[in-house]
Amino acid sequence: MSDPLLGWFQSHQDQYISGEEISRELSISRTAVWKQINRLRNKGYQFEAVPKLGYRLIGQPTKLDEASIREHLKTSSFGQQLKLLERTDSTQNVALAWALEGAEEGAIVIAEEQGGGRGRRGRAWHSPAGKGIWMSLVLKPRIPLHFTPHLTLLTAVAICRAIKRMVSLPIGIKWPNDLLVGERKVCGILLESQAEDERLLSVIAGVGISVNLEEEDFPEELRQVVTSLRHESGREVDRAALLAEVLFEWEQLYRLYEEQGFGPIRSLWEAQSITIGRSVNVDTPFGQVSGVAQGLDESGALVLLDTDGCYKKVFSGDVQFST
């Protein structure tokens, strides 16, 4: 179904159109014009607004398509089974249903937009249309259930290394798996496991990378704590090429983990970490723990050295850097 307002702007390329003119031509109120323009902005369209001149369409979203994704893919399994959706509540839900139906390891669900993207600890993940990589990957690792934290750390390393190859930015990992530029988050990771009688059946690895979002694309309450690759680098990033690079690095490290265990992944994680060596406060399910981050243990726990000279291990929690 065509969008009358979008059609009007597309037929007046490079022209400013006043809200009054749009209101008259489309028989809608000025308030409705403003709301409709914001709706299009949320879908990835860019408008310039100039007082006394009106609005001008200056950019349209570049959609991911299966052909461009497959053109860039260099993997043997990750991404070879692919579902590309215009919009969904959460790619996690779709990928889980697909896994239960028999999707192969490496199957991936990608959405241009999520209405209910999930982050760690039940938080929402902002996933506007046409601006990011919102995806979930099906994994079927042959490891004990208690080793699943390794996969979270592995995923963070893979994405960090892939982004650094595509965009020259000082990206680092905040334990366990947040990717930050400076102090602002650019990527979130959520792994959800399915097990039966202590046997790991599958892991759905959800990833949200804020690729081409601009500051106005983020809700105001998030603008001090999140950022995007475009905002930090000053240029648009090819999402299909970045997706392929992420999947390639992810598959390589996953195979390395299968062959050699957590040791190499642990070293790679520590090399990309912005947590090690810093004083941190960690909010855990059992209260706050403080100390200087020393590194990871063999389980993936964060090792802290407190002011009494005692070492403590943190298995889950939110890290805040001490000032």
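**Exercise 1.** Is Glu-113 buried or exposed, judged by its relative accessibility? Determine also how Glu-113 pairs with Arg-87 in this predicted model.

*Solution.* Step 1: a residue counts as buried under 20% relative accessible area. Step 2: Glu-113 has a relative accessibility of 15%, so Glu-113 counts as buried. Step 3: the side chain of Glu-113 forms a salt bridge with that of Arg-87, with an N to O distance of 3.6 Å. Step 4: this pair links distant parts of the chain, since Arg-87 belongs to strand E3 (residues 82-88) and Glu-113 to strand E4 (residues 108-114), 26 residues apart. Step 5: the threshold for an exposed residue is over 50%; Arg-87 has a relative accessible area of 52% and is therefore exposed.

**Exercise 2.** Describe the overall form of the protein chain from its secondary structure, dimensions and contacts.

*Solution.* Step 1: the secondary structure consists of nine helices and 14 strands. Step 2: along the principal axes, the C-alpha atoms fill a box of roughly 70 × 50 × 35 Å. Step 3: a compact globule of 323 residues would have a radius of gyration near 20 Å, and the 22 Å of the protein chain agrees with this. Step 4: of the 323 residues, 50% count as buried. Step 5: among contacts between residues at least 6 apart in sequence, 62% join residues at least 24 apart. Step 6: the accessible surface comes to about 15,500 Å², and carbon and sulfur atoms account for 48% of it.

**Exercise 3.** Locate Thr-91 and state which residues it touches, leaving aside those up to four places away in sequence.

*Solution.* Step 1: Thr-91 lies in helix H5, which covers residues 91-100. Step 2: the relative accessibility of Thr-91 is 2%, so Thr-91 counts as buried. Step 3: with sequence neighbours up to four places away left out, Thr-91 touches Val-109, Ile-110, Ala-111, Gln-114, Trp-134, Met-135 and Ser-136.

**Exercise 4.** How many salt bridges does a search of the whole structure find? Examine some of them.

*Solution.* Step 1: side chains of opposite charge can pair when their charged atoms come close. Step 2: the search finds 19 salt bridges. Asp-178 is buried, with a relative accessible area of 12%, whereas Lys-185 counts as partly exposed at 22%. Step 4: Glu-232 and Arg-184 form another salt bridge, their closest N and O atoms being 3.4 Å apart. This pair links distant parts of the chain, from helix H7 (residues 229-233) for Glu-232 to strand E8 (residues 184-196) for Arg-184, 48 residues apart. Glu-232 counts as partly exposed, at 29% relative accessibility. Step 5: a network of salt bridges links Lys-74, Arg-161, Arg-165, Glu-245 and Glu-249.

**Exercise 5.** Which residues does a cis peptide bond join, and where do Ser-27 and Lys-52, with their positive phi, lie?

*Solution.* Step 1: most residues other than glycine have a negative phi, and most peptide bonds are trans. Step 2: a cis peptide bond, with omega about 0 degrees, joins Trp-175 and Pro-176. Pro-176 lies in the loop between strand E6 (171-174) and strand E7 (178-181). Step 3: Ser-27 has a positive phi of about 55 degrees and lies in the loop between helix H2 (19-26) and helix H3 (30-42). With a relative accessible area of 66%, Ser-27 is exposed. Step 4: Lys-52 has a positive phi of about 75 degrees and lies in the loop between strand E1 (46-50) and strand E2 (54-59). Lys-52 counts as exposed, at 90% relative accessibility.

Terms used
Residues are numbered from 1 along each chain as its sequence is written. This is a predicted model: local features need pLDDT of at least 70, side-chain atom pairs count only at pLDDT 80 or more; totals for chains, interfaces and linings use all residues. Side-chain values use heavy atoms; hydrogens and water are left out. Helices (H or I, at least four residues) and strands (E, at least two) are DSSP runs, numbered from the N terminus. The radius of gyration is taken over C-alpha atoms; the globule rule is 2.2 Å times the number of residues to the power 0.38. Buried means under 20% relative accessible area, exposed over 50%, partly exposed in between (1.4 Å probe, protein chains only). Contact means heavy atoms within 4.5 Å. Accessible areas come from the Shrake-Rupley method with a 1.4 Å probe; for residues, only the protein chains shown count as cover. A salt bridge is a side-chain nitrogen of Lys or Arg within 4 Å of a carboxyl oxygen of Asp or Glu.
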